[in-house]
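Below is what I looked up, entry by entry.

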Amino acid sequence: MSRRFTPSVVTANALLSGEAVWLSADNQWTGNPREAALFTDAAQAEERLAWAQGQAHTIVGPYLAAAKPGADGPEPTHFREAFRRRGPSNYAHGKQEALCRG
Amino acid sequence: MYCYTEFDEAFIRERNAQFRAQVERRISGALTEEEFRPLRLMNGLYLQLHAYMLRVAIPYGTLSSAQMRQLAMIAQRWDKGYGHFTTRQNIQFNWPKLGDVPDILDALGAVGMHAIQTSGNCVRNVTADHFAGAAADEIADPRPVAELLRQWSTDHPEFQFLPRKFKVAITGSPNDRAVTRAHDIGLRMVERDGQPGFEVIVGGGLGRTPLLGMVVRDFLPRADLLPYVEAILSVYNSFGRRDNKYKARIKITLHELGLEDLRARIEARFAEIRAEWRGADQEILARIEQDFAPPAFRDAPVDAYTRARAADPVFRAWADTNLHEHRAPGYAIVTISTKAHGATPGDATAEQMRVMADLAERYGHDELRISHEQNVILPHVHKSDLPAVHAALKAVGLATANVGLISDIIACPGMDYCALATARSIPVAQEIAQRFEALGLEQEIGAMKIKISGCINACGHHHVGHIGILGLEKAGVESYQITLGGDGTEAAAIGERAGPGFAYDEIVPAIERLIAAYLARRAGPDESFLQAYRRLGAAPFKAALYPEEKAYAA
């Protein structure tokens, strides 16, 4: 029996910078996780992941990450994804830096 | 220190040019990620949670001031102004851009450094006692042999695709500061009948199956070293398992074959190949040894040191914890702590690196070392220069007097950076250090080694910590398991698991209860935590960690 599908976003790392990126509803890779498209349908999520796997010129290692709808876009359900979208806890680097710059 | 020959320089230049072309082809789309990944890993380039990470080898932990300055330049120009010294005596840059990595590698090559074999199933950076060549308790400097091993194993065609990674550590001192029993091969310099040789230990390793290495040869004559190491690797290459990566290290080969069988195979292979070694290795070793000739130590009064000790309690506290005995009269080994309370263990800013490089050049015979405990060492400082060294370190936040104490914590990058991690390590280390500083108990507690890993792979050496902390995931949250009684020295021991894990916000209070139990039960201030644990056993410490269970039992 296959595992029950949980709503997911498609995420990866950008090829040039290595930063975490998410797939938006208009098929763009965005560094802002709030702009990620949340897929609630398993077939659609798998189809978008398969498409992402063909994007090797832009991104590396796409995968489906479980998420839930939130007030400001999809929110991660696992702490690893929460760290990925925030950045490290010892310095305000990564995504936090981008947010600080406004 | 070893200086690259024309051969070394040409080799690195060629490798770097190859990698530059590989990066260009990856960016142009000519190479897929599947094709590129093994190529980038061969050059130390990982992809982590937030960015690429470049792991640069610091062979046997030894750096010149020029090399340290170049690391500072790289940190500033291509990273976020800092670097992270690791438990493998390497440095990692956490934020390089893919397109910049070829330039970074060229900058490293310009000072005789590279990132080759810092990843992959090959012989990794050979590690050594960080006090090598300076320690008073040393038989001989192990670094010439470590350099010989580095040259022999670099790009060795037979050993590029081993069943799994392979780590060699070497010590020239009976007091083991290189954790030799937790390496695939541990080498300890010994003497027999006045002849120099090695005790050869095989099959140690931490990770998901922590095992201490076993002695496969109690005395190996010095000239037999490379053929014997080749025999070990050759047997491992043939018999190491390739069907299951969790059973692929030589420690598993050792336990599946048994020590006698493995030894017999190694000795048979050694007998087979020994005659092929006709002495070229010993000629190369003799040349390498010239590069490691001890510096010209000066004979000078130490009055300035004595006066500073008497006059300045801050200097005295630092001298008491951060200095070790040097083999030359009037000299000291300085350990620079990267563990200011609340700092990230192992991190140094570009400015701090430059200050350390300047101090090494001016006062330290141009040498620095990186320890597996993630500190930086000035191995040769005359005591009369220590007040000036201390003042310069203090100005850049590097004069923390805590070496060997509870805040001198080893921590892997954990889930703040690492794609393999299951929990964070760095903030746990930061909070423990800050908590015990706030309590003012650090000196009172005395010798203590806390080691933290953010996953079962044990880069933070938690198994050999007096207190080990392993971060895992349990039911969707971070959970921290405590091990007790580990030891990384010549009396090596794997710590015992204390019981169920603690949530992120429970781990620091749990450590505090553990320390309170130790302070209450120790025989006196001279009995360390580890000694008390060995005398008392785990029971009183478990009772302190899990008070509810005790209440239920009563």
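This is a predicted model: local features need pLDDT of at least 70, side-chain atom pairs count only at pLDDT 80 or more; totals for chains, interfaces and linings use all residues.

**Entry: the interface**

How much area do chain A and chain B bury between them? I get about 2300 Å², with 58% of it on carbon and sulfur atoms.

Next I looked up who touches whom. On one side 25 residues of chain A are in contact, and on the other 30 residues of chain B. For polar contacts across the interface of chain A and chain B, the rule finds 11 residue pairs, both residues at pLDDT 80 or more. Strand 1 (8–14), strand 4 (59–68) and helix 2 (79–86) of chain A each supply at least two residues of the side that touches chain B. Helix 2 of chain A gives the largest share of that side, 5 residues.

How many salt bridges cross the interface of chain A and chain B? The rule finds 1. I tracked down a pair with one partner in each chain: B:Lys80 forms a salt bridge with A:Glu97, and their closest N and O atoms are 2.8 Å apart.

**Entry: salt bridges elsewhere**

Over all chains, the count by this rule comes to 41 salt bridges. I picked out a few in chain B.

I started with B:Asp141 and B:Arg143, whose side chains meet at 2.8 Å, N to O. Are these two buried or exposed? B:Asp141 has a relative accessible area of 17%, and the cut-off for buried is under 20%, so B:Asp141 counts as buried. B:Arg143 is buried as well, at 3%.

Then I checked B:Glu147 and B:Arg150, which form a salt bridge at 2.9 Å, N to O. They sit 3 residues apart in helix 5 (residues 143–153) of chain B, so about one helical turn separates them. Both B:Glu147 and B:Arg150 are buried.

My last pair was B:Arg249 with B:Asp184, again a salt bridge, 2.9 Å from N to O. This pair links distant parts of the chain, 65 residues apart. B:Arg249 is in the loop between helix 6 (225–239) and helix 7 (250–257) of chain B, while B:Asp184 is in the loop between strand 7 and strand 8 of chain B. B:Arg249 is buried at 14% relative accessible area, and B:Asp184 is buried at 0%. I also noted a network: salt bridges that share partners join B:Asp141, B:Arg143, B:Glu367 and B:Arg369.

**Entry: strands in chain B**

Which way do strand 7 (residues 168–171) and strand 8 (residues 185–192) of chain B run, parallel or antiparallel? They are parallel, joined by 4 bridges. One of the partners I noted: B:Ile170 is bridged to B:Leu187 in strand 8.

Strand 8 of chain B also pairs with strand 9 (residues 195–202) of chain B, antiparallel, through 8 bridges. There B:Met189 has B:Phe198 in strand 9 as its bridge partner. Strands 8 and 9 of chain B form a hairpin with 2 residues between them, and B:Asp193 in the turn has a positive phi of about 50°.

**Entry: nonpolar cores**

The largest nonpolar core has 60 residues. B:Met68, B:Leu71, B:Met356, B:Leu378, B:Leu386 and B:Leu393 touch the most other members. Helix 12 (residues 350–363) of chain B supplies the largest share of this core, 8 residues. Another core, of 46 residues, lies apart from it and includes B:Tyr4, B:Val235, B:Leu254 and B:Leu262.

I followed up B:Leu386: leaving aside neighbours within four places in sequence, its contacts are B:Tyr305, B:Phe315, B:Trp318, B:Leu323, B:Ala332, B:Val334 and B:Val381.

Definitions and conventions: Residues are numbered from 1 along each chain as its sequence is written. Chains are lettered from A and ligands numbered from 1 in the order in which they are written. Side-chain values use heavy atoms; hydrogens and water are left out. Two strands pair if DSSP finds at least two bridges between them. A nonpolar core is a set of buried Ala, Val, Leu, Ile, Met, Phe, Trp, Tyr and Cys residues joined through side-chain atoms within 4.5 Å. Buried means under 20% relative accessible area, exposed over 50%, partly exposed in between (1.4 Å probe, protein chains only). Contact means heavy atoms within 4.5 Å. Buried area is the accessible area (1.4 Å probe) that two parts lose on being put together, summed over both. A salt bridge is a side-chain nitrogen of Lys or Arg within 4 Å of a carboxyl oxygen of Asp or Glu. A polar contact is a pair of N or O atoms within 3.5 Å; within protein, one must be able to donate a hydrogen and the other to accept it, and residues adjacent in sequence count only if both atoms are side-chain atoms.
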